[in-house]
Amino acid sequence: MATDIKSMSLSGRKIDVSEKEMTFKEKMYVFAIAKGMGITLRHFFKPKVTIMYPEQKREFSPVYRGRHILMRDENGAERCTACGLCALACPAEAITMTSAERKKGEENLYREEKYASVYEINMLRCIFCGLCEEACPKEAIFLTEDMVSSDFKREGFIYGKDKLVMPLEDKIH
Amino acid sequence: MDVALFIEKFAIILIVFGITMFIALYSTFAERKVAAFMQDRPGPNRAGWGGIFQPLADGVKMFTKEDFIPNTPNKFLFILGPGLFIVTALMTSAVVPWGGTLHLFGRDISLQAADINLAILFVFGVVSIGVYGIMIGGWASNNKYSLLGAVRASSQMISYEIAMGLSIIAVLMMTGSLSLRTIAEQQHGFFDWGQHWLSWNVFKQPLAFFIFLICAFAETNRTPFDLPECESELVGGYHTEYSSMKLGFYLFAEYINMFISSAIIATVFFGGYNYPGMDGVATHIGPNIAVLLGVAVLFAKTLFFIFFYMWVRWTVPRFRYDQLMNLGWKVLFPLSIVNIVLTAVVILGRQYFNF
């Protein structure tokens with residue numbers, strides 16, 4: 001049975017607007033103000049919800065997606081082969097890269113014959129969706145729990161390999 | 001004039017000045033803290049323990065900002081505006097009796113800078129001059145928004161001064177004196193044995209107190225009557241063009257006004273330095289202790305009213321301008337006249353029929 005649109009209420013809290021004349025007591029406003037002041041006074045003594053940021057940090061969810069990291073393998077060689085799938089997957093077009101061929105003697109630096117000589121992510125464009133992470137066939141790019149730090153210049157938000165590649169001492173085994 | 005009296009008055013003036021400045025300084029901090037607490041935030045808490053040095057940081061910030069003077073033909077008036085405003089704000093504290101009479105070094109020291117017998121008129125007069133500070137500042141800014149803000153401020157203050165003056169007339173009819181010292185002394189203790197009633201004026205004149213309180217909010221440009229500088233609607237009101245310490249003076253004077261008007265409300269309506277059992281303290285512990293306790297009580301009452309100002313500010317939304325004028329002229333003005341008539345009837349009835 002079709003119900004009248006006027007009687008429908010999605011939230012179940014629908015109140016009909018009435019334009020009734022205010023009573024004298026309501027027109028005085030004093031009682032309403034006193035009630036309001038009671039509410040503010042109650043909040044005065046309530047526990048505060050603020051998280052004192054630098055000392056105290058909000059717990060991130062285990063699937064939090066923060067700034068990116070380019071992984072190294074167990075020998076400390078970069079896993080990225082500059083295939084470009086992450087750049088292709090990126091809906092914000094935040095990733096650019098230049099590929100290069102591995103020279104002799106660089107086997108300990110790059111895992112495969114091709115590597116990214118330039119790998120940049122524009123953190124102002126990035127929407128931290130994690131699609132690059134999903135697209136990567138080499139498990140080279142991951143989103144960490146760190147946040148992108150603030151900066152005074154836009155250039156500071158274009159993260160190159162110096163900021164993205166995992167430090168050598170952190171390499172996973 | 002003998003030197004001792006000069007030194008005594010000078011010391012009192014300096015102390016009152018210092019306390020006024022200190023309380024005004026920390027009112028800015030208290031305002032932010034109260035606002036924060038009522039909004040479930042902790043408020044400024046980085047400068048010193050619990051943010052206790054925040055006012056100093058604000059002051060340093062104010063002083064080091066660029067002091068900009070707009071292209072105005074009235075540079076002198078532009079500088080005079082905030083000066084006048086803060087001077088009038090400070091002058092009012094001269095007539096407030098901060099306590100009874102101390103007996104020190106064989107002298108009777110009255111804790112009041114000047115016990116003039118027209119103290120209430122003096123307060124009203126000085127408050128009216130305060131309007132000039134706003135008006136001159138807004139006009140000399142050479143900016144139509146400042147001028148509009150100034151016009152709003154001055155018309156509001158003048159409108160509410162009328163209801164304020166009439167509401168206090170009902171009190172004056174009962175006290176028979178314009179001296180704040182006399183008014184405070186008449187509210188001695190807490191219970192008026194002669195009239196079988198509580199001695200503070202707020203219990204004798206509740207309506208006058210209520211009207212006076214509302215008008216005091218309007219006079220000090222506090223919410224819900226802060227239309228002159230409502231920062232969310234106007235560009236900034238009369239102090240749009242002001243920067244650095246000139247702006248600081250305007251903001252600071254508002255807090256001084258708040259403190260002084262709280263002190264005057266406490267003195268006129270809440271017994272000033274009187275407290276229950278003050279005679280007992282004077283006979284059993286010592287007269288000087290009783291007087292000093294009275295000063296503490298007066299400051300406690302004053303601080304409560306400062307808190308009340310902030311409490312109202314963070315509860316009540318701002319009036320619209322026509323509502324403000326309606327309230328001032330059509331509600332408070334007739335109400336205070338009704339109160340005067342009622343008071344007169346009761347006083348005459350008491351005289352002739354002894355009820």
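Leu104(B) stands opposite Arg107(B) in strand 2 of chain B. The model is predicted.

Strand 1 of chain B covers residues 101-104, and strand 2 of chain B covers residues 107-110. The two run antiparallel and are joined by four bridges.

Two packed helices are described by the angle between their axes and the distance between the axes.

| Helix pair | Angle | Axis distance | Source |
|---|---|---|---|
| Helix 8 (residues 206-219) and helix 12 (residues 321-353) of chain B | about 150° | 10 Å apart | computed from the model |
| Helix 1 (residues 3-38) and helix 11 (residues 287-313) of chain B | roughly 45° | within 10 Å | computed from the model |

Take helix 8 and helix 12 of chain B. They pack at an angle of about 150°. Angles over 145 degrees count as roughly antiparallel, so helix 8 of chain B is roughly antiparallel to helix 12 of chain B. Their crossing is left-handed. From helix 8 of chain B come Leu207(B), Ala208(B), Ile211(B), Ile214(B) and Cys215(B). They meet Leu332(B), Leu335(B), Ser336(B) and Asn339(B) of helix 12 of chain B. By class, this contact between helix 8 and helix 12 of chain B holds seven nonpolar residues, two polar ones and no charged ones.

Now helix 1 and helix 11 of chain B. Their axes cross at roughly 45°. That angle makes helix 1 of chain B oblique to helix 11 of chain B. Here the crossing is right-handed. Helix 1 of chain B contributes Ser27(B), Ala30(B), Glu31(B) and Val34(B). Helix 11 of chain B supplies Ile306(B), Phe307(B), Met310(B) and Trp311(B). The contact of helix 1 with helix 11 of chain B has six nonpolar residues, one polar and one charged.

**The sheet of chain A**

Chain A has an open sheet of three strands, in the order 2-3-5. The pairing is antiparallel. Strand 2 (95-101) and strand 5 (158-159) of chain A are the edge strands, and each pairs on one side only. Strand 3 of chain A spans residues 114-122 and is joined to strand 5 of chain A by two bridges. These two strands run antiparallel. Ile121(A) stands opposite Tyr159(A) in strand 5 of chain A.

**Where the chains meet**

In the model, 11 residues of chain A are in contact with 10 residues of chain B. On the chain A side, five of the touching residues are nonpolar, four are polar and two are charged.

**Confidence**

The predictor gives the complex an ipTM of 0.81 and a pTM of 0.82. Chain A averages a pLDDT of 87, with 94% of the residues scoring at least 70. Chain B averages a pLDDT of 87, with 98% of the residues scoring at least 70. Among the elements of chain A, helix 1 (residues 24-28) has the lowest mean pLDDT, 81. Helix 3 (residues 85-89) of chain A has the highest, 94. Where pLDDT is low, the predicted coordinates should not be read in detail.

How values were computed:
Residues are numbered from 1 along each chain as its sequence is written. Chains are lettered from A and ligands numbered from 1 in the order in which they are written. This is a predicted model: local features need pLDDT of at least 70, side-chain atom pairs count only at pLDDT 80 or more; totals for chains, interfaces and linings use all residues. Axes are lines fitted to C-alpha atoms, for helices over the stretch in contact, and angles run from 0 to 180 degrees between N-to-C directions. Angles under 35 degrees count as roughly parallel, over 145 as roughly antiparallel, 65 to 115 as roughly perpendicular and the rest as oblique. A crossing is left-handed if the near helix is turned anticlockwise from the far one by less than a right angle, and right-handed if clockwise. Two residues are in contact if their C-beta atoms, placed from the backbone, lie within 7 Å. Ala, Val, Leu, Ile, Met, Phe, Trp, Tyr, Cys and Pro count as nonpolar, Asp, Glu, Lys and Arg as charged, and the others, Gly among them, as polar. Two strands pair if DSSP finds at least two bridges between them. pLDDT is the predictor's confidence in each residue, from 0 to 100.
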